[in-house]
Amino acid sequence: MLDCGGFRAAAHRLGTVPSRVSTTISRLEADLGVPLLLRSTRSVRPTEQGQRLADQIRPLFQGIEAAVSEAANSMATVRGKLSINVPGAVVPDILPPLMAEYRRLHPEVDVEIVVENDRVDIIAAGCDAGIRYGAHLDKDMVSILIGPRTQQIALAASPAYLAANGMPEAPDDLTGHAGIRYRLPSGTMLAWRLRQGDDVVTVEPRSSLVLDVDAGIAGLAYARAGMGIISAFRNWCERDFEAGTLVPILEACWMSLDGPRLYYPSRFAGAPLRAFIDTCQRVSARG
């Protein structure tokens, strides 16, 4: 429960309801005759006795978990559940081939994909691992690259929009154009950053349409409909570029960012997660 950060997250990880977790803790406190947790409507934290008990028994539970996992998978069959917290950006194209390969190799693992775009404490969220772009990881996390080493951020618009409004020739020209913008859950707009010679500049187009970042690749539909210029991952746009439904804009100015990484606790990882890490490394090595 302490590792998860609360009754709800602990219940999710155990596959039960928060009230049952709370009742179990209360019974344990009654049996021991000491309070283990301090509770409020907003938070839960351990008492001194509760923290000491948790520190002493945690290695025992980890050893049991490892032994059970090893026994369950002694015949080279990985079983169990794998929960991964991911941003919407990896859902359309980066994650599917990894999951397809993982399912082919380990069909008895139940996989849950939780889509969230904010930075997430995966332990508190009850997830085994997470995927993020350029995330600042806690010291007890490790990470591996799971997709392209870098990804370009493209600018694109429909032929009809450009015919009516003209082709921008420089980053400054974008301020006079309609922009299809993405907004983070915090309310912050994703910036349009481009290279201009040796400099990096930020431009602010007129916002003809603002989309929640969860809309992801679906935002391209509005660009195809002629509503304005969109800034999106180049790999999302490639099919439209080939089909001519979208036209690249200021391609020489496009920025790149580091590709997505899988991150997970550096301590014991169960067999389903270890197998997924192996799958990611194998697929990445094939390029």
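## Salt bridges and cores in a predicted model

Author: The count comes to 8 salt bridges (a side-chain nitrogen of Lys or Arg within 4 Å of a carboxyl oxygen of Asp or Glu). This is a predicted model, where local features need pLDDT of at least 70, side-chain atom pairs count only at pLDDT 80 or more, and totals for chains, interfaces and linings use all residues. Residues are numbered from 1 along each chain as its sequence is written, and side-chain values use heavy atoms, with hydrogens and water left out.

Reader: Why is the pair Glu101 and Arg104 called a salt bridge?

Author: Their side chains meet at 2.9 Å, N to O. The limit is 4 Å, so the pair qualifies. Both residues lie in helix 4 (residues 95–105), 3 residues apart, about one turn of the helix. Helices here are DSSP runs of H or I with at least four residues, and strands are runs of E with at least two, numbered from the N terminus.

Reader: Is Glu101 buried or exposed, and what makes it so?

Author: Buried means under 20% relative accessible area, exposed over 50%, partly exposed in between (1.4 Å probe, protein chains only). Glu101 has 11%, so Glu101 counts as buried. Arg104 has 56%, so Arg104 is exposed.

Reader: What makes Arg224 and Asp240 a salt bridge?

Author: Their closest N and O atoms are 2.6 Å apart. Arg224 lies in helix 6 (residues 220–224) and Asp240 in helix 7 (residues 234–243), so the pair ties together parts 16 residues apart in sequence. Arg224 is partly exposed because its value is 40%. Asp240 is buried because its value is 7%.

Reader: How do you know that Glu251 pairs with Arg234?

Author: Their closest N and O atoms are 3.3 Å apart. The cut-off is 4 Å, so this is a salt bridge. Glu251 sits in the loop between strand 13 (247–248) and strand 14 (255–258), and Arg234 in helix 7, 17 residues apart. Glu251 has 39%, so Glu251 counts as partly exposed. Arg234 has 26%, so Arg234 is partly exposed. Salt bridges that share partners join Arg234, Glu238 and Glu251 into one network.

Reader: Which residues touch the most other members of the largest nonpolar core?

Author: They are Leu155, Leu174, Leu194 and Ile229, in a core of 31 residues. A nonpolar core is a set of buried Ala, Val, Leu, Ile, Met, Phe, Trp, Tyr and Cys residues joined through side-chain atoms within 4.5 Å. Apart from this core lies another, of 25 residues, among them Ile94, Met99, Ile146 and Cys280.
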